[in-house]
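Please look over the model shown here before reading the report on its helix packing and sheet.

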Amino acid sequence: MTAVTDDRRRPGAAAGTDAELAGSALTAPFDGLRRQLLDAARAFTGEPGGLDEILSGMVDDVDHALAEPLEIFPVCHHSPASAIAMVRRLREKQPKVIYLELCEDLQPLLTELRNCRLPVALQAFASDLDGFPPDWGPLSVVAPITEASAEYQAIAYALETPGVELVLVDRSTDHVFQWQRREPTEAGDAPTDPAAAAESTAPGEEANLHGEAVGIEIGDLRPRFAELEAHLLHHGKVRHWSEWWDQYVEQPLSGADHDTYRQVMVLIGSLFRRLTPEGSPHLAGDEERERHMWTRMREHLAATGADPERCLYVCGAYHAASRVAEFGLHAESPSYEVTPRTGTVWQYGVVPAGHSAIEQQFGLAPGSVSIAAATFAKAVTRSGVKT
């Protein structure tokens, strides 16, 4: 593998087109993925010279993420390759603190996973609302947990390893609804209910509803607009996003080393991010979450004196390619202020979940989560890693 070089490129500088992108991480097993990313970048670059800027920016994003003193571990949900890579990295690095992209107020539920048979879902529920429109209720958030996921492997490691602290750093479930996109009705400025707002923003986290619950998963790594996803499916000659991911990312990553894994994941997150249309509500929401997460991590480090070298930040690959001013331990603008929660009282619990329910909730191909579980089990046996 050719590592990302340290020389910083000027914004908009020539990227060396295919060669520079190939040299960053995409070696022979990733030829198919390289073609897919380059074709997508060409197809959705609307300005002269824009392709070079995107390709150069992708490589710079990898450099930016991997140079961060607090190690970033990018993941994709329900990815056996991410889960196996996570297990290997945890055993090698043996971090003392793991920061995880998951709603911070779900933290007390994690110890209950010791008594559960997966898959399950962490749930926050509120029926008596204080600070939200009454017709929004009841409010519910669920976060499914499966064994074949990087986040569960990180949680299990922290629960089973003495002296390891797990810290959830994503916005609270209360903030999920505070930040919900609100659209005016014909009568004026009254907001829509959260379910209607969520259904209008697919694909993305706020579109992932099962019943009345908003679904939360770490590592939602899909294109942020339908035309890009349709382009990738068409040129990849597959029918569903799960098939595209398995063929062009999952299989090549299954035997990748740690550095290659991280670079490939950040490259994909970077491309999807850079091709997201300006003004997209998804991008605004993602950036708000990133400001929150980096603020919480800096607060924890300052309060505990933990050594960043012994910490690991587990987040979706899309967030690993972040360029918000609050990014990193040496952020340009570290003064982000987290708004207070409303007066709503939330109830918490762990509820049963199933592979088919998760697939329906997050728009995955039928059978894909079950296949991921079987693939993960085989990979554990084949590789000899201990989960």
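## Basis

This is a predicted model, in which local features need pLDDT of at least 70 and side-chain atom pairs count only at pLDDT 80 or more, while totals for chains, interfaces and linings use all residues. Residues are numbered from 1 along each chain as its sequence is written, and side-chain values use heavy atoms, with hydrogens and water left out.

## Helix H14

Helices (H or I, at least four residues) and strands (E, at least two) are DSSP runs, numbered from the N terminus. The end C-alpha atoms of helix H14 (residues 368-383) are 22 Å apart, which agrees with the 22 Å that its 16 residues should span at 1.5 Å a residue; the expected span is 1.5 Å times one less than the number of residues.

Buried (under 20% relative accessible area, exposed being over 50% and partly exposed in between, with a 1.4 Å probe and protein chains only) describes Ser-368, Val-369, Ala-372, Phe-376, Ala-379 and Val-380 in H14. The face turned away from this buried side carries the exposed residues Ile-371, Lys-378, Thr-381 and Arg-382.

## The open sheet

Four strands form an open sheet in the order S1-S8-S2-S5, with parallel pairing, where two strands pair if DSSP finds at least two bridges between them. Strand S1 (71-75) and strand S5 (165-170) stand at the edges, each with a single partner strand, so one side of each is left without a neighbour in the sheet. S2 and S5 pair in the parallel sense over five bridges, and Asp-170 in S5 is the bridge partner of Cys-103.
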